[in-house]
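Subject: Handover of a predicted structure

Dear colleague,

Please find the sequence and the structure below.

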Amino acid sequence: MEAIAMVSVSDAQAIILNLVQPLNHQQDTEVVDLLVADSRILAVPVTSPLDFPHWDNSAMDGYAVRYEDVQHSSENPAVLEIVEDIPAGYQPKSTIQPGQAARIFTGAVIPAGADTVVMQEKTRREENRVFILDAPKPQEFVRHKASFYQSGTQLLPAGIKLNAPEIAVLAAAQCPQLSVYRRPRVAIFSTGDELMTVDQPLQPGQIVDSNQYALAALVRQSGAEPILLGIVKDDPVALEKVIAHAVAIADIVLSSGGVSVGDYDYVDKILESLKAKIHIRSVEMRPGKPLTVATFSSTDAINHTDAINPTDAINPTDAINRVSTNSPLYFGLPGNPAAVLVTFWRFVLPAIKKLSGITEGWEPVFLKVRSHHELRSNGKRETYLWGKLHLIDGVYEFHQADGSQSSGNLINLAQTNALAVIPVGKTLIYPQEEVQVLQLSNGSIQFS
Ligand SMILES: Nc1nc2c(c(=O)[nH]1)N[C@H]1C(S)=C(S)[C@@H](COP(=O)(O)OP(=O)(O)OC[C@H]3O[C@@H](n4cnc5c(N)ncnc54)[C@H](O)[C@@H]3O)O[C@H]1N2
Ligand code: MOO
Ligand SMILES: [Mg+2]
């Protein structure tokens, strides 16, 4: 077995991101309706033949005037003849001449000849005459054609996530359908003779495979498509079959368990037998020390693929054959439940982000906050402690979860929303001392 030293967390992140090939902007795309495009990644830049605003229009309900006519109104109110009524959606007919004005409403087209809008509150109306009681600024309350966006220039770049503002921009630009990157496919399976599905009775020694549920939720929240391959026994033959299959159908493969040094920890050996290149075996991190990261040249493992028996899968239809176009990235996550979540947040999520076509902001963002409690580590590995961020007088404070921070303890991770990070070499953070945290939002780390 090739010996690879334990790598630091930051080196591991760099190695992993360097291994990720983003989806191809031509092959790995699909067309979706704008109404269901939120959270998808735009695959092509968008330009519009429309200017924004499309024409000069009024920002207020009031009167469209010639500035020249009203500039001295504060001392001597101008009296103008109203020659037209211009609601929104109407094309003005007249050209405003000296001494004239048009009644105008918010969003309506500024008539020719006018250059300024006086808001209604600064006027007095008498039949078809208006008194301007206060001098406006030149061009006040006119939203000029193309002042927000000029037709033909780039409206939105490729590689951005579509949230509500971008969706609204695309609607305004009359794009009812869009080309977005397909969802990355992430195959997930759990390894271990002790694991049972959520609905099976437990015999002594058995536990429920919670990792697969955690990973399915995390993958879905990341915008990727989870492909659930079920529970695999600690049996080299069964494991080899599932790994080869997973690698053939997915962009990323996540297994949990079987990556430490125990007699039944087979994952690394099987990756080697499938000619994978192992880049990381162990990371200076707690939880999450045994972490295997491997790549396959896209054909190596696929040659071993037989259709697997999908009966073990949580959802058997997920196990259908789909061939991935990229060379897949394999993460052998450690089996301990807290280690699975923490390693996903720290390493897998950035990899999914980069793969998904997003062009920047893959790395998690650390916030500096103060710690409510004393936080402890043995100082040997970068330590991630789970807890909750509370907002106190507008300042975030990290409260470590009560109970055990063992990587085998999943229970007190529920209802947490942040991980405090204690660097290597530091053993103690005092109450009220500054600490770096990863903020978890809806179970996934917040990215810039
Ligand atoms: N001699 C050593 N032993 C261990 C070391 C070490 O360095 N030397 N590292 C420890 C650390 S740290 C971790 S983390 C674990 C990782 O173990 P594996 O990845 O080999 O995982 P397993 O042995 O298969 O299982 C560990 C633990 O997690 C439970 N588990 C596994 N899969 C699931 C699942 N799908 N859902 C819920 N729980 C699961 C399993 O029952 C075990 O309790 O190794 C340490 N040992
Ligand atoms: O690194 Mo392990 O995940 O501490 O138990
Ligand atoms: Mg083990």
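By class, the shell around ligand 2 comprises three nonpolar, three polar and two charged residues. Here Ala, Val, Leu, Ile, Met, Phe, Trp, Tyr, Cys and Pro count as nonpolar, Asp, Glu, Lys and Arg as charged, and the others, Gly among them, as polar. The residues concerned are Arg-286, Pro-287, Gly-288, Lys-289, Pro-334, Asn-336, Ala-339 and Ser-407. A residue is taken to be near a molecule or strand if its C-beta atom, placed from the backbone, lies within 6 Å of it.

Please note that this is a predicted model, in which local features need pLDDT of at least 70 and side-chain atom pairs count only at pLDDT 80 or more, whereas totals for chains, interfaces and linings use all residues. Residues are numbered from 1 along each chain as its sequence is written, while chains are lettered from A and ligands numbered from 1 in the order in which they are written.

Ligand 1 is surrounded by 27 residues, and the closest are Asn-211, Gly-257, Ser-260, Pro-334 and Gly-335. This shell divides into nine nonpolar, 14 polar and four charged residues. Helices H4 and H7 each supply at least two of its residues, and H4 gives the most, with three. Helices (H or I, at least four residues) and strands (E, at least two) are DSSP runs, numbered from the N terminus.

The helices

Helix H4 (residues 210–221) packs against helix H7 (residues 337–355) at an angle of about 20 degrees, and their axes are 10 Å apart. The two helices are therefore roughly parallel to each other. For these values, axes are lines fitted to C-alpha atoms, for helices over the stretch in contact, and angles run from 0 to 180 degrees between N-to-C directions. Angles under 35 degrees count as roughly parallel, over 145 as roughly antiparallel, 65 to 115 as roughly perpendicular and the rest as oblique.

H4 passes H7 in a right-handed crossing. Ser-210, Asn-211, Ala-214, Leu-215 and Leu-218 of H4 make the contact with Pro-337, Val-340, Leu-341 and Phe-344 of H7. Seven of the residues in this contact of H4 with H7 are nonpolar, two are polar and none is charged. A crossing is left-handed if the near helix is turned anticlockwise from the far one by less than a right angle, and right-handed if clockwise. Two residues are in contact if their C-beta atoms, placed from the backbone, lie within 7 Å.

H7 also packs with helix H1 (residues 9–19), at an angle of about 25 degrees and with the axes 10 Å apart. That makes H1 roughly parallel to H7. On the H1 side the contact is made by Val-9, Ala-12, Gln-13, Ile-16 and Leu-17, and on the H7 side by Arg-346, Phe-347, Pro-350, Ala-351 and Lys-354. This contact of H1 with H7 has seven nonpolar, one polar and two charged residues.

The sheets

An open sheet with mixed pairing is formed by six strands in the order E16-E13-E17-E21-E20-E18. Strand E16 (225–232) and strand E18 (277–282) stand at its edges with a single partner strand each, so one side of each has no neighbour in the sheet. Two strands pair if DSSP finds at least two bridges between them. E18 pairs with strand E20 (residues 290–295) in the antiparallel sense over four bridges, and Ile-280 stands opposite Val-293 in E20. H4 lies across strand E13 (185–191), E16 and strand E17 (252–256), and runs at about 165 degrees to E13.

Another open sheet of six strands, also with mixed pairing, has the order E7-E4-E6-E5-E9-E8. Its edge strands, E7 (116–119) and E8 (123–126), each pair on one side only. Within it, strand E4 (residues 62–65) and strand E6 (residues 100–104) run antiparallel and are joined by three bridges.

Backbone features

Most residues other than glycine have a negative phi, and most peptide bonds are trans. The peptide bond from Phe-52 to Pro-53, however, is cis, with omega near -15 degrees. A cis peptide bond also joins Arg-286 and Pro-287, where omega is about -5 degrees. Arg-286 and Pro-287 are both among the residues around ligand 2. Lys-275, although not a glycine, has a positive phi of about 65 degrees; Lys-275 is found in the loop between helix H6 (267–273) and E18.

Yours sincerely
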